[in-house]
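Here is a colleague's note for someone meeting this model for the first time. Please read the points in order, with the structure open beside them.

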Amino acid sequence: AVNSFTAVWAERALDEAARVDTVVAAGRNPGPLAGVPFAVKNLFDVAGQATVAGSAIHRDRPRAARDADAIRRLSRAGAILVGALNMDEYAYGFTTDNTHYGPCRNPHDRDRVCGGSSGGSAAAVAAGLVPFTLGTDTNGSVRVPAALCGVLGLKPTYGRISRRGVVPLCSSLDTVGILGRSVRDLAAVFDVLQGADAGDPVTAPRAPEPVRSAVGGGIRGLRVAAATGYFAEGADVEVLAAAATVAKALGASAPIEIPEAGKARAAAAILTACEGAQQHLADLRTRAGDFDPLTRPRFLASALLPATAYVDAQRFRRWFQAEMRRVLASVDVIVAPATPFPAPAIGQRHIEVAGQEHPMTYLGRFTQPLSLIGLPVICVPVAPNEPGGLPLGVQLVGAPFAEATLVRAAAELERQGVCRVVAPG
């Protein structure tokens, strides 16, 4: 009914479960996630399976020889992979309205989108099909669906989790992320996944820093501020109200402005367009008709961008990184809305906000600026005010490698009941 899964691997799941049972029966430690089922966005390599990445073209590619590094780590921890999840083709979209595999439906209202590009990952958790999933986040592809489906989403610091065995969109921004139903679950999975990997050179060469113990750490001493300016406009009133509620619950002090956030969003979009088109240039030349009609024109337009646009975006990124280093020296957590509006209808191509019409890519208004420099973010769900209403999401943003700080803040919101996952219906 939700169309979140594109494949279910029952035989593999049963085999892995049997191995966990054998370890338990032998009196050995089966791992911190023993027996916990999970699923992954269908751009993660799974041994013996086609890595389709939401496309028709990749069905013709050779099957994966080995699991992606993230899946291998979870399997060693005892977790049980049960299947692959729907997504926007090649992770280039915000709705998971996929022509090849059908639209993934929001469990809270099946006529509405679940967000993207990790839409199936969020919808599967929201529908209660699995307790956690893996997605990827380039411009908000974990945070947007987490917000629209009312679950938690963690986009770690760029390079904190290996991307080996994951089909890339924009290598300079791509990040493996986690979707779940509680802060404790996110932290437990993150602790298994984090760490350097020689197969992904951007992974940080530093010792893992467990964050699960931060769940009950409280927020005493945390400096919290609400993002203003760009992040306090261009959105529905209910969205801004949700962010204000979260900021108040965390005791936010004076608001803070993120400089040139609009330009940061544009720079992230340019980098994604240029690198994404380059990834698929050969297929665009020879098999353009096999692309999803919703992504084909975007890739074709991206392939025509001049190199000067890419260079200018990279120059701006260096400036923005320096500016944000200054901003984050005075605050530990920045509160910002996640999406400018709740889930739109499936098939809807434009939406009006504050009297202006925008395409669906506008869903990334508040996530893309933060992606540009790889900051860690936890998207927390805020339940609707009225029964049957649509969930909203709010971002908690920290300095690089400050996941433990964000876990403390998100856990406090859970404790207060401000952040909570509501069952559909």
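1. Start with contacts: a contact means heavy atoms within 4.5 Å. Residues 24 or more positions apart account for 77% of the chain's contacts with a separation of 6 or more.

2. A word on the source. This is a predicted model, in which local features need pLDDT of at least 70 and side-chain atom pairs count only at pLDDT 80 or more, while totals for chains, interfaces and linings use all residues. Residues are numbered from 1 along each chain as its sequence is written, and side-chain values use heavy atoms, with hydrogens and water left out.

3. Now the overall build. The chain has 12 helices and 17 strands; these are DSSP runs numbered from the N terminus, with helices (H or I) of at least four residues and strands (E) of at least two. The radius of gyration is 20 Å, close to the 22 Å that the globule rule gives for 425 residues, so the chain is as compact as a globular protein of that length. That radius is taken over C-alpha atoms, and the rule is 2.2 Å times the number of residues to the power 0.38. Along the principal axes, the C-alpha atoms fill a box of roughly 55 × 55 × 45 Å.

4. Next, burial. Of the 425 residues, 57% are buried (under 20% relative accessible area; exposed is over 50%, partly exposed in between; 1.4 Å probe, protein chains only).

5. Aromatic rings deserve a look. The whole structure holds 11 aromatic pairs. Rings of Phe, Tyr and Trp (its six-membered ring) pair if their centres lie within 6.5 Å; planes under 30 degrees apart count as stacked, over 60 as edge-to-face and the rest as tilted. Tyr-90 and Phe-299 form an edge-to-face pair, 6.3 Å centre to centre with 70° between the planes. Tyr-90 lies in the loop between strand S3 (80-85) and strand S4 (97-98) and Phe-299 in helix H9 (residues 296-303), so the pair ties together parts that are 209 residues apart in sequence. Both Tyr-90 and Phe-299 are buried. Tyr-90, Tyr-92, Phe-291 and Phe-299 form one aromatic cluster.

6. Phe-316 and Phe-320 are stacked, at 5.8 Å centre to centre and 15° between the planes. Both lie in helix H10 (residues 307-328), four residues apart, about one turn of the helix. Phe-316 counts as buried at 15% relative accessibility, and Phe-320 does at 1%.

7. Which residues does Ser-121 touch, not counting those up to four places away in sequence? They are Lys-41, Leu-85, Asn-86, Thr-133, Leu-134, Gly-135 and Leu-179. Ser-121 sits in helix H3 (residues 119-126). Its relative accessible area is 0%, so Ser-121 is buried.

8. Turn to Phe-190 in helix H5 (residues 183-193). At 0% relative accessibility, Phe-190 counts as buried. Leaving out residues up to four places away in sequence, Phe-190 touches Leu-154, Pro-156, Arg-160, Ile-161, Ile-178, Val-211 and Glu-403.

9. Last, Ile-334 in strand S13 (residues 333-337). Ile-334 is buried, with a relative accessible area of 0%. Beyond four places away in sequence, the residues that Ile-334 touches include Ala-225, Ile-256, Met-324 and Val-397.
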